[in-house]
Amino acid sequence: MTGNSKNKMSALIVDDDKVVRRVHGKLLTQLGFETNAVENGQEAVDLFTSGECYDFVFMDMEMPIMDGTEATQKLREMGVKSTIVGVTSCNVEAKKQAFMEAGLYACLEKPLTRDAISSLLEQVTKK
Amino acid sequence: MQKQLAKMKQSLFDQGYLDEQFIQLEDLQDDANPNFVEEVVTLYYRDSVRLVQNIEQALEKNPLDFSKLEGYMHQFKGSSSSFGAKKVKTECTQFREYCRAGNAEGCKRTFQELKKEYATLKKKLEVYFQLARQAGPVEKACRPK
């Protein structure tokens, strides 16, 4: 984990919905993350291109300008090693499969919950 | 007053207006954000006005662009789910099914229902939050039965 000077894990929330960004932001902050949020996949890619780095990326699947699948693919092509977690309420298996194959570590149901993040952290710290 | 608040919350759950996600949000309230849920709900109602207008305009077109409508409704559902708006979420799901079936009348009818549930929930939560502010900070996570 890269973390930051305060030894907190860092998380980037990528979602086009303001309410979701607010809720997920608060949840992750309370769980000890230092968080940032952007509105679409392009903004996420731009952040990493500019040299910013995050331990975790919580990536929505369906967003305008650049969706989560494309953004995940681009980040992996750039060599980004962050734990990229898909977050979606979509129940179309083919779309979720494509999302996973783009380079996700896991795909979680939206909205995120405390339990889901705790389980994720457990799994990630085991690897 | 805390009892009254708990009773009101229980009633919102019993009548199916809210689901567990509302409690998840209440669990996030702390000294930094003691009225976090109210902030989120206020943000939702402010932010969704534009989306409702977009859907209304899209429903006036002939023929309907079901793909566009489904996209709007996916967004609406995501937003509504994030604070536990159960009935609104259900109408969103129904609407999307009608989109997939290409059923224009179904979409229009469901959207009217959705707007009713959306408006009703807003009124009920306004009363709830007013009482919550009067009652002051509660003990964490009073889960309804």
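# Notebook: a two-chain model, looked up piece by piece

**Entry 1: a leucine in a loop.** I started with A:Leu112, which is found in the loop between β5 and α5 of chain A. Helices (H or I, at least four residues) and strands (E, at least two) are DSSP runs, numbered from the N terminus. I note at once that this is a predicted model, in which local features need pLDDT of at least 70, side-chain atom pairs count only at pLDDT 80 or more, and totals for chains, interfaces and linings use all residues. Residues are numbered from 1 along each chain as its sequence is written, chains are lettered from A and ligands numbered from 1 in the order in which they are written, and side-chain values use heavy atoms, with hydrogens and water left out.

Is A:Leu112 buried or exposed? I found a relative accessible area of 2%, so A:Leu112 is buried. The cut-offs I used: buried means under 20% relative accessible area, exposed over 50%, partly exposed in between (1.4 Å probe, protein chains only).

Next I looked up what A:Leu112 touches, where contact means heavy atoms within 4.5 Å. Not counting residues up to four places away in sequence, A:Leu112 touches A:His24, A:Leu27, A:Phe58, A:Val87, A:Ile117 and B:Gln21.

**Entry 2: strand β4 of chain A.** A:Val87 took me to β4(A).

Strand β3 (residues 56-60) of chain A pairs with β4(A) in the parallel sense over five bridges, and A:Asp60 stands opposite A:Val87. β4(A) and strand β5 (residues 106-109) of chain A also run parallel, joined by four bridges, and here A:Val87 stands opposite A:Leu108.

The chain crosses from β4(A) to β5(A) through helix α4 (residues 93-101) of chain A, in a right-handed β-α-β crossover. Right-handed means that, with the strands pointing away from the viewer, the path from the first strand over the helix to the second runs clockwise. β3(A), helix α3 (residues 68-77) of chain A and β4(A) make a right-handed β-α-β unit too.

A salt bridge is a side-chain nitrogen of Lys or Arg within 4 Å of a carboxyl oxygen of Asp or Glu.

**Entry 3: chain B.** I counted six helices and zero strands in chain B. Of its 145 residues, 48% are buried. Helix α2 (residues 20-27) of chain B has seven of its eight residues buried, so this helix is largely enclosed by the rest of the structure. B:Gln21 is one of the buried residues of α2(B). The buried residues of α2(B) pack against helices of both chains, including α1 (18-30) of chain A and α6 (104-135) of chain B.

B:Arg133 and B:Glu38 meet with their closest N and O atoms 2.7 Å apart. That pair links helix α6 to helix α3 of chain B, 95 residues apart. For B:Glu70 and B:Arg96 the closest N and O atoms are 3.4 Å apart, and both residues are buried.

**Entry 4: where the chains meet.** How many residues are in contact across the two chains? I read 17 residues of chain A in contact with 22 residues of chain B. The buried area, meaning the accessible area (1.4 Å probe) that two parts lose on being put together, summed over both, is about 1,800 Å². Carbon and sulfur atoms give 55% of that area. In chain A, A:Val19, A:Arg22 and A:Lys26 lose the most area to chain B, together 30% of what that side buries.

The rule finds three salt bridges across this interface. One of them joins A:Arg22 and B:Glu39 (2.8 Å, N to O). α1(A) gives the most to the side of chain A that touches chain B, with eight residues.

The side chains of B:Asp30 and A:Lys26 also meet in a salt bridge (3.0 Å, N to O). This pair runs from the loop between α2 and α3 of chain B to helix α1 of chain A. B:Asp30 is partly exposed at 26% relative accessible area, whereas A:Lys26 counts as buried at 8%.

Terms used
Pairing = 2+ DSSP bridges.
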